[in-house]
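The entries below follow the order in which I looked things up.

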Amino acid sequence: VKPDIILMDIMMPVMDGFAATKILKTAPETANIPIIILTALDAQEEKVTGLLCGADDFLTKPINDIALLTRIKSLLRLKATVD
């Protein structure tokens, strides 16, 4: 089952979120799934790297619930239109 959206951190145990995003965005079966990176890293360099890897959005912790829900709704609406 493919998810409608993926929320992921950059810092993960097996592979970082940048590598995972690149893999997901290059695979035809997962390329259209929106990815939001949620992380404690807030340097501009990480944001740019995440977006260049294919992430659809990038939020730094602590996460504002309203901002997160708004971005999720927006990306799901866009995905529904594309699908």
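This is a predicted model: local features need pLDDT of at least 70, side-chain atom pairs count only at pLDDT 80 or more; totals for chains, interfaces and linings use all residues.

My notes begin with the sheet, move to the helices and end with the cores.

I found 3 strands forming an open sheet in the order 1-2-3, with parallel pairing. Strand 1 and strand 3 (57-60) stand at the edges with a single partner strand each, so one side of each has no neighbour in the sheet. I then looked at one pairing in detail: strand 1 and strand 2 are joined in the parallel sense over 3 bridges, and L7 stands opposite I36 in strand 2.

Entry two, the helices. Helix 1 lies across strand 1 and strand 2, and I noted its direction as about 160° to strand 1. Helix 2 (residues 44-53) lies across strand 2 and strand 3, running at about 150° to strand 3.

Entry three, the cores. Which residues make up the largest nonpolar core? I listed 11 residues in all, namely I6, M8, I10, F18, A20, I33, I35, I37, C53, A55 and F58. At least two residues of this core come from each of strand 1 (6-8), helix 1 (17-26) and strand 2 (35-39). Another core, of 7 residues, lies apart from it and includes I5, L68, I72 and L75.

Entry four, F58. Leaving out residues up to four places away in sequence, I found F58 touching I10, I37, T39, L41, E46, K47 and G50.

Note on methods: Residues are numbered from 1 along each chain as its sequence is written. Side-chain values use heavy atoms; hydrogens and water are left out. A nonpolar core is a set of buried Ala, Val, Leu, Ile, Met, Phe, Trp, Tyr and Cys residues joined through side-chain atoms within 4.5 Å. Buried means under 20% relative accessible area, exposed over 50%, partly exposed in between (1.4 Å probe, protein chains only). Helices (H or I, at least four residues) and strands (E, at least two) are DSSP runs, numbered from the N terminus. Contact means heavy atoms within 4.5 Å. Two strands pair if DSSP finds at least two bridges between them. Axes are lines fitted to C-alpha atoms, for helices over the stretch in contact, and angles run from 0 to 180 degrees between N-to-C directions.
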